[in-house]
Amino acid sequence: TAAYTADLVVFGGTGDLSMRKLLPALYHSDVEGRLSPETRIIAMSRGGLTDEDFRGKVDAEVRDQVPADPGAWQRFLGRLHHVSVDVGGENRSGWSALTALLGGHEQRDRVFYLASPPMTFGPFCRDLDKAGLVTPRSRVVLEKPLGRDGASAQRINEEVGAIFDEAQIFRIDHYLGKETVQNLLVLRFANAFLEPIWNSLWIDHVQITAAETVGTPGRRGYYDQAGALRDMVQNHLLQLLCMTAMEPPARNDREAIRDEKVKVLQALRPITGTEVDRFTVRGQYTEADGMPGYLDEPGSTAPTEASRRVETFTAIRAEVKNWRWAGVPFYLRTGKRLPRRASEIVVQFKDVPHSIFPGGSPNRLVLRLQPEEGIELHIMAKEPGAGEVALKPVPLSLSFGKTFTARVPEAYERLLTDVLAGNPTLFMRRDEVAAAWQWIDPILASWESSAELPEPYPAGSTGPAGAHELLARSGRVWHEED
Ligand code: BG6
């Protein structure tokens with residue numbers, strides 16, 4: 001393994017993402033030898049903490065999340081620093097402190113990781129530039145959501161683009177770091193048998209689901225402004241759709257892969273006007289079985305009109321208008337407080353052209369991202385026994401956990417390593433983000449102007465009735481319901 005020497009500066013460094021995802025991922029990278037002894041992690045926040053305070057906080061909140069070997073843990077803590085910064089404010093002392101810390105290390109790689117709300121991206125980049133901290137070896141990582149619609153995303157991209165070159169900008173979507181998602185490319189493009197049938201002649205439809213059992217406790221401030229469409233569909237689900245639908249790239253190379261993905265986004269059939277009601281569903285969970293409804297979730301802010309209108313569930317019937325996929329619906333679905341945590345891509349094949357046995361059902365390929373990463377191909381087999389031939393669908397299944405003994409890295413670990421290595425293949429290019437928003441914007445606009453509220457669904461149920469009707473209209477059902 002290569003060991004990277006870098007100064008990694010995390011804005012929002014004491015926030016939830018940093019404490020739950022970034023720091024554990026960096027600890028694993030450290031243990032596996034990917035961080036050289038000189039590499040430093042500098043958290044920026046408004047918190048007014050000293051290095052010692054911050055190390056204490058990480059010790060208290062992160063240590064239990066990782067299998068911490070005492071020696072390795074102490075070494076990791078030693079890499080941590082904290083700088084207090086006044087975001088967009090008059091007080092420049094934080095910036096001078098950062099300048100002092102980074103001074104003399106201009107030849108090192110610098111990574112500025114913006115794990116802060118999107119409206120801070122532009123101001124932070126300008127502040128970094130003003131402080132003279134942006135070197136040719138600097139990179140900037142932008143967390144999602146990138147803006148709240150196409151126009152704000154464009155503004156942010158321009159502001160950041162005024163300071164950093166596109167090659168220095170890493171727009172993160174952690175779903176792209178998940179093993180199964182990368183495996184989808186290997187499955188599709190390193191095996192001969194799938195590609196000939198990966199099209200509308202053989203595939204009936206595709207279902208892409210990211211279902212969560214968790215609610216949104218303590219996140220109302222963010223979630224009221226986001227909702228499931230911005231939080232999950234604009235980025236994660238559309239990226240999964242791209243990986244499923246893209247044409248084979250000529251090379252395994254950053255631009256070749258992203259070129260093919262952006263073509264999928266550009267081929268999405270726009271859903272506008274009255275079609276929004278027909279092809280999209282939105283829901284909000286209500287209290288049930290001892291679980292609070294969205295409006296009753298504990299949080300620092302009281303529910304407002306925005307809370308009543310925000311969707312915690314959405315299902316959409318999308319279509320990729322090109323030769324390969326004409327007429328094949330891609331059903332997207334995501335929600336909070338659903339009965340099981342499951343993220344998966346289900347490719348539903350068509351029935352055999354002519355059936356000679358009673359009781360067969362069409363093949364299906366399931367790519368599971370969560371909870372246990374794996375791939376299942378459901379084929380028809382004969383049930384053992386004399387007498388009438390009886391068919392049964394049985395899975396040929398690959399469980400990554402059982403097949404490979406190596407630890408499966410978390411998505412953030414993979415992606416942070418790619419940032420340190422300067423490899424942007426699994427990050428969103430500017431034109432991808434723009435194309436994704438272009439498809440999302442009319443849906444958002446229609447929802448926002450609608451007098452109707454999201455359809456209620458009881459916490460712990462499979463979502464609003466509309467989601468089932470969306471498929472039932474064409475005689476289909478969601479994967480877990482048949
Ligand atoms: C994040 C969303 O991007 O993804 C969260 O902001 C969501 O709302 C999370 O819970 C889901 O990620 P994962 O990896 O647990 O599926």
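Asp86 lies in the loop that runs between strand S3 (80–84) and helix H4 (93–102), where helices (H or I, at least four residues) and strands (E, at least two) are DSSP runs numbered from the N terminus. With a relative accessible area of 29%, Asp86 is partly exposed; buried means under 20% relative accessible area, exposed over 50%, and partly exposed in between (1.4 Å probe, protein chains only). UniProt, in an unreviewed entry, lists Asp86 under "binding site" together with Arg46, Val87 and Lys144. UniProt positions are given in the numbering used here, feature names are shortened, and annotations may be inferred rather than shown by experiment.

This is a predicted model, in which local features need pLDDT of at least 70 and side-chain atom pairs count only at pLDDT 80 or more, whereas totals for chains, interfaces and linings use all residues. Residues are numbered from 1 along each chain as its sequence is written, and side-chain values use heavy atoms, with hydrogens and water left out.

**The ligand and its shell**

Lys144 also belongs to the residues around the ligand, among them His174, Tyr175, Lys178, Arg219 and Gln370, a residue being near a molecule if one of its heavy atoms lies within 4 Å of it. By class, this shell has 2 nonpolar, 3 polar and 7 charged residues, where Ala, Val, Leu, Ile, Met, Phe, Trp, Tyr, Cys and Pro count as nonpolar, Asp, Glu, Lys and Arg as charged, and the others, Gly among them, as polar. Helix H8 (residues 220–245) gives the most to the shell, with 3 residues.

| Residue | Distance to a ligand oxygen atom |
|---|---|
| Glu212 | 2.6 Å |
| Asp231 | 2.6 Å |
| Lys336 | 2.7 Å |

The protein covers 84% of the 400 Å² of accessible area that the ligand has on its own, as computed by the Shrake-Rupley method with a 1.4 Å probe.

**Backbone features**

Most residues other than glycine have a negative phi, and most peptide bonds are trans.

Asp289, although not a glycine, has a positive phi of about 50°, and with a relative accessible area of 72% Asp289 is exposed. Arg337, also not a glycine, has a positive phi of about 55°; its place is the loop between strand S10 (329–335) and strand S11 (342–349), and at 12% relative accessibility Arg337 counts as buried.

**Buried residues and the annotated domain**

Glu297 is in the loop between strand S8 (280–286) and helix H11 (305–309), and Glu297 is buried because its relative accessible area is 4%. Glu297 and Arg220 are 77 residues apart in sequence, yet 8.0 Å apart in space, C-alpha to C-alpha. Cys125 and Cys242 are each buried at 0% relative accessibility.

UniProt places the feature "domain: Glucose-6-phosphate dehydrogenase C-terminal" (unreviewed entry) at residues 185–479. Over residues 185–479 the chain is 33% helix and 23% strand, and the end C-alpha atoms are 22 Å apart.

Definitions and conventions:
Polar contact = N/O pair within 3.5 Å; in protein donor to acceptor, adjacent residues only side chain to side chain.
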